[in-house]
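Please read this briefing alongside the sequence and the structure. It is set out by topic.

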2 protein chains.
Amino acid sequence: MTKEELPSRSLTIDNINPNVKTAKYAVRGELAIKSEAYRSQLAKGEGKDLPFDSVISANIGNPQQLDQKPITFFRQVASLVENPLLLEKEDVLINALDYKPDVIARAKKLLKDVKSVGAYSQSQGSPGIRQSVAEFIERRDGYPADAQSIYLCGGASAGVNALLSVICATPKTGVLVPIPQYPLYTATLALLNAKVVPYYLEEESGWSTNVDGMREALKKAKDEGIDVRAVVVINPGNPTGGSLGAKDIESVLELVAEEKLVMMADEVYQTNIFEGKFHSFKKGLRDLQKSDKNKNGKFDNVELASLHSISKGMVGECGHRGGFYEMVGFDEKVVEQIYKFVSIMLCPPVVGQCLVELMVNPPKEGEPSYELYKKEYDTIFNNLHERAMALYKAFEEMEGVECQTPQGSLYLYPTINLPQKAIEAAKEKGKGGDEFYCMQLLDATGICIVPGAGFGQKEGTLHFRTTFLAPGTDWVSRITDFHKKFLDEYR
Amino acid sequence: MTKEELPSRSLTIDNINPNVKTAKYAVRGELAIKSEAYRSQLAKGEGKDLPFDSVISANIGNPQQLDQKPITFFRQVASLVENPLLLEKEDVLINALDYKPDVIARAKKLLKDVKSVGAYSQSQGSPGIRQSVAEFIERRDGYPADAQSIYLCGGASAGVNALLSVICATPKTGVLVPIPQYPLYTATLALLNAKVVPYYLEEESGWSTNVDGMREALKKAKDEGIDVRAVVVINPGNPTGGSLGAKDIESVLELVAEEKLVMMADEVYQTNIFEGKFHSFKKGLRDLQKSDKNKNGKFDNVELASLHSISKGMVGECGHRGGFYEMVGFDEKVVEQIYKFVSIMLCPPVVGQCLVELMVNPPKEGEPSYELYKKEYDTIFNNLHERAMALYKAFEEMEGVECQTPQGSLYLYPTINLPQKAIEAAKEKGKGGDEFYCMQLLDATGICIVPGAGFGQKEGTLHFRTTFLAPGTDWVSRITDFHKKFLDEYR
């Protein structure tokens with residue numbers, strides 16, 4: 001029987017869900033897949049002909065893949081909730097394994113909350129852990145938070161998915177999304193067959209958020225008959241690192257209140273800030289609600305969903321899939337539907353929930369584990385800052401590369417100006433200049449970064465996103481060397 | 001300002017995603033929410049007026065919430081992958097904590113595979129763990145399996161979601177779903193705005209799967225213009241426990257091959273079998289492919305996705321959210337789209353992935369942890385069987401209750417014949433008779449079960465689903481006592 005005669009299948013690329021086909025997610029796309037193939041080639045000892053001896057995954061914020069050590073307190077507690085039988089040997093834990101009493105106490109508290117990390121929790125997460133999150137938000141913002149309004153989730157991505165799934169009702173539903181953005185947003189909107197309404201961040205001023213631009217984008221979309229329902233702000237920005245000040249947040253919330261939009265604040269990088277300090281949207285909203293600007297109750301019903309995660313920050317526990325979102329101002333009946341939606345997937349991973357609790361309630365000054373925790377936390381923070389600066393300096397010296405000062409998050413997102421010949425060579429391969437550049441970089445150096453097309457960029461500009469997580473400086477010089485050769489070849 | 005004058009919101013129950021509103025998921029619905037409220041009332045010591053002193057969650061297969069102990073080997077390994085620093089103290093582990101050398105070796109192997117449980121893995125799961133799953137399938141079925149075709153996922157639910165998301169293309173796409181079924185299927189199809197094409201299992205013959213019934217349902221759906229693309233079989237059944245024999249599987253696969261349908265085999269209860277043995281669809285398909293029946297290549301391109309999970313079986317680690325599916329026969333380009341879909345959510349929880357590895361590759365005879373593992377495993381199995389039989393016997397003695405012999409899974413799904421007066425009382429409250437009965441049971445006894453309406457039932461029949469996970473017999477007598485009183489009241 002020849003191939004043509006084989007019985008055909010139910011599913012072909014032409015008849016499956018078109019929304020899945022439309023969705024793009026470059027962070028784990030062709031380049032990432034090719035880099036994994038290189039990695040396993042090297043692991044099998046079959047990479048002798050490759051021009052590099054290691055693969056550096058700078059395409060994704062995956063700290064512990066790049067040798068960031070987990071925080072000891074977190075993992076000690078995690079080991080105990082995984083094996084509660086260890087709690088019967090406290091003397092061994094303390095005397096032979098250097099577990100401090102606060103580690104043991106915390107594990108017991110968490111086990112009381114969840115009963116077993118192998119049991120499903122409530123759909124929105126364990127009540128005790130949500131209470132701890134509420135207290136964290138209260139300490140952070142100076143305003144009360146309610147555990148009932150907290151939803152734990154399997155990483156912030158799962159939260160974004162739940163929220164957008166409820167928000168998006170028709171193909172005319174639109175959501176304002178910053179460009180550049182983390183492609184989870186555009187991908188999820190594509191899956192839901194809803195419209196991305198792009199607003200552009202301003203590269204020249206450190207990727208700032210310009211509310212006038214947002215307004216214009218909104219007006220244009222409305223004129224096109226799009227029912228715009230929500231604004232996404234990523235603060236600090238991914239891939240840009242840019243942070244919003246208190247005034248910026250106020251302006252966005254004014255727009256949101258006037259136009260009755262849901263505010264989605266992606267705040268997963270809230271502790272990755274090198275310049276200035278983090279301002280939460282929740283605090284911004286509560287400030288406005290008690291200010292003179294709220295005389296007519298304008299801000300009373302603003303619907304705000306704020307997301308946070310254990311994947312980033314100095315925690316970096318992305319493999320554990322933990323996070324949460326707080327919803328305020330939402331209609332109760334809408335919240336019920338969100339609850340139902342998340343309950344279909346049962347519950348977020350319970351160890352991830354425990355790590356959320358540890359993140360929001362780490363050892364306090366004076367407690368036995370504090371000193372080590374503080375040291376580890378500060379070391380990670382300082383290392384990240386140093387690496388960001390070193391990479392930034394390298395970019396500054398690279399011909400045709402322009403990079404904003406590192407402000408936060410885990411990424412740099414430089415502009416690259418490529419020679420016309422390179423653009424043409426890319427076109428010949430059916431690729432954009434940025435994609436071509438990144439593919440050549442991977443093939444020559446084993447370093448995987450993501451073309452700007454994956455996040456969005458103003459027409460006629462090219463960028464790439466790289467994390468600054470990889471330790472050492474060897475990989476930076478691999479990039480600078482490649483860049484020189486690339487320019488020389490295509491000049 | 002009065003309430004009416006408050007600024008309106010972006011989202012109301014009338015404008016959100018209608019598919020979310022349509023979706024139903026009774027397993028965690030009104031009854032479950034009410035039972036959680038009772039539980040926290042009791043926990044706060046505020047339940048003095050309640051007619052019960054504990055809440056029994058028999059609504060959901062959540063073994064460790066109902067005191068099932070996790071398997072020691074699994075959790076010892078998990079504690080080490082969570083805190084790899086413990087591996088520097090092997091002597092303490094072995095001498096003071098009774099960790100066996102195979103526990104330590106396995107933790108090292110897993111850490112080599114995943115690097116850190118806090119790091120993202122590949123989108124489809126760690127290659128080393130997928131290899132281990134492939135070897136398990138090979139041992140189970142006697143046919144090779146390919147690690148490339150294995151997708152690890154956050155519980156089988158996440159796998160079903162990925163598969164159906166790609167399969168469902170238009171509102172006319174249909175999927176054959178057994179009735180009764182686990183409501184994940186109908187809920188996910190509702191979210192995707194696709195059609196449930198119901199086929200009825202036959203209660204009288206132990207909830208058997210009747211392929212003629214499937215064929216009829218298919219024909220009817222086609223006549224209505226529905227583009228039926230897939231068949232779901234839950235084997236062993238949820239909520240029925242019914243298992244398919246080798247012949248049944250062959251018949252279903254014949255239908256699937258003739259009609260070009262995707263075969264979705266939900267095999268999460270594959271070890272929860274009290275009668276006969278488990279037959280996998282994968283083995284059934286491979287057997288057919290090399291049999292005479294395949295002379296014309298009829299079965300060569302059958303698309304089969306088989307799902308398994310760590311949540312059920314004797315593992316019961318549902319809080320860890322781990323599972324996998326194997327896809328064979330799918331078009332490569334379709335698989336690429338599934339890969340992209342799952343990559344948007346980054347990766348399944350990595351500790352859950354490790355537990356998948358432990359489930360499929362438990363200690364072998366002669367290995368240091370084998371004896372304890374075997375003892376724990378057998379005890380759980382025997383306890384489940386005993387509890388199932390005790391509950392079954394209680395049901396047999398209850399007036400108007402008819403129950404099939406327990407065959408497998410974690411549930412019983414008896415028919416309840418309620419007096420007309422009860423049906424009318426239910427109607428007055430806008431409820432079905434089964435829902436009314438379950439709500440009354442909860443209010444009177446603290447036992448939460450799920451009305452048959454949540455899973456589907458033939459018109460004019462009423463059922464409920466209960467797990468047989470709760471230990472002891474007190475709760476069973478709570479049910480029988482309630483039942484008597486209920487009948488007396490409404491007779």
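This is a predicted model: local features need pLDDT of at least 70, side-chain atom pairs count only at pLDDT 80 or more; totals for chains, interfaces and linings use all residues.

Residues are numbered from 1 along each chain as its sequence is written, while chains are lettered from A and ligands numbered from 1 in the order in which they are written. Helices (H or I, at least four residues) and strands (E, at least two) are DSSP runs, numbered from the N terminus.

**Chain A and chain B**

- The same surface serves both copies, as 100% of the contact residues of chain A recur in chain B.
- In the interface, 89 residues of chain A are in contact with 89 residues of chain B; contact means that the C-beta atoms, placed from the backbone, lie within 7 Å.
- Elements of chain A that each supply at least two residues to this side include helix H2 (30–43), helix H3 (72–82), strand S5 (227–234) and helix H13 (350–360).
- H12(A) gives the largest share of the side of chain A that touches chain B, seven residues.
- That side of chain A divides into 41 nonpolar, 30 polar and 18 charged residues; Ala, Val, Leu, Ile, Met, Phe, Trp, Tyr, Cys and Pro count as nonpolar, Asp, Glu, Lys and Arg as charged, and the others, Gly among them, as polar.

**Helix packing**

- In chain B, helix H3 (residues 72–82) and helix H13 (residues 350–360) pack at an angle of about 140 degrees, with their axes 10 Å apart. Axes are lines fitted to C-alpha atoms, for helices over the stretch in contact, and angles run from 0 to 180 degrees between N-to-C directions.
- That makes H3(B) oblique to H13(B); angles under 35 degrees count as roughly parallel, over 145 as roughly antiparallel, 65 to 115 as roughly perpendicular and the rest as oblique.
- B:Phe73, B:Phe74, B:Val77, B:Ala78 and B:Val81 in H3(B) meet B:Val351, B:Cys354, B:Leu355 and B:Leu358 in H13(B).
- The residues of this contact are nine nonpolar, no polar and no charged.
- In chain A, helix H9 (residues 211–223) and H10(A) pack at about 25 degrees, with axes 9 Å apart, and are therefore roughly parallel to each other.
- A:Val211, A:Met214, A:Arg215 and A:Leu218 of H9(A) make the contact with A:Ser251, A:Val252, A:Leu255 and A:Glu259 of H10(A).
- The residues of the contact of H9(A) with H10(A) divide into five nonpolar, one polar and two charged.

**Buried and partly exposed residues**

- The buried residues of helix H11 (residues 281–289) of chain A are A:Phe281, A:Lys282, A:Gly284, A:Leu285, A:Asp287 and A:Leu288. A residue is buried if 20 or more other C-beta atoms lie within 10 Å of its own, exposed if 12 or fewer, and partly exposed in between, with C-beta atoms placed from the backbone.
- B:Ala470 is buried, with 22 other C-beta atoms within 10 Å.
- B:Glu399 counts as partly exposed, with 13 C-beta neighbours inside 10 Å.

Conventions: Two residues are in contact if their C-beta atoms, placed from the backbone, lie within 7 Å.
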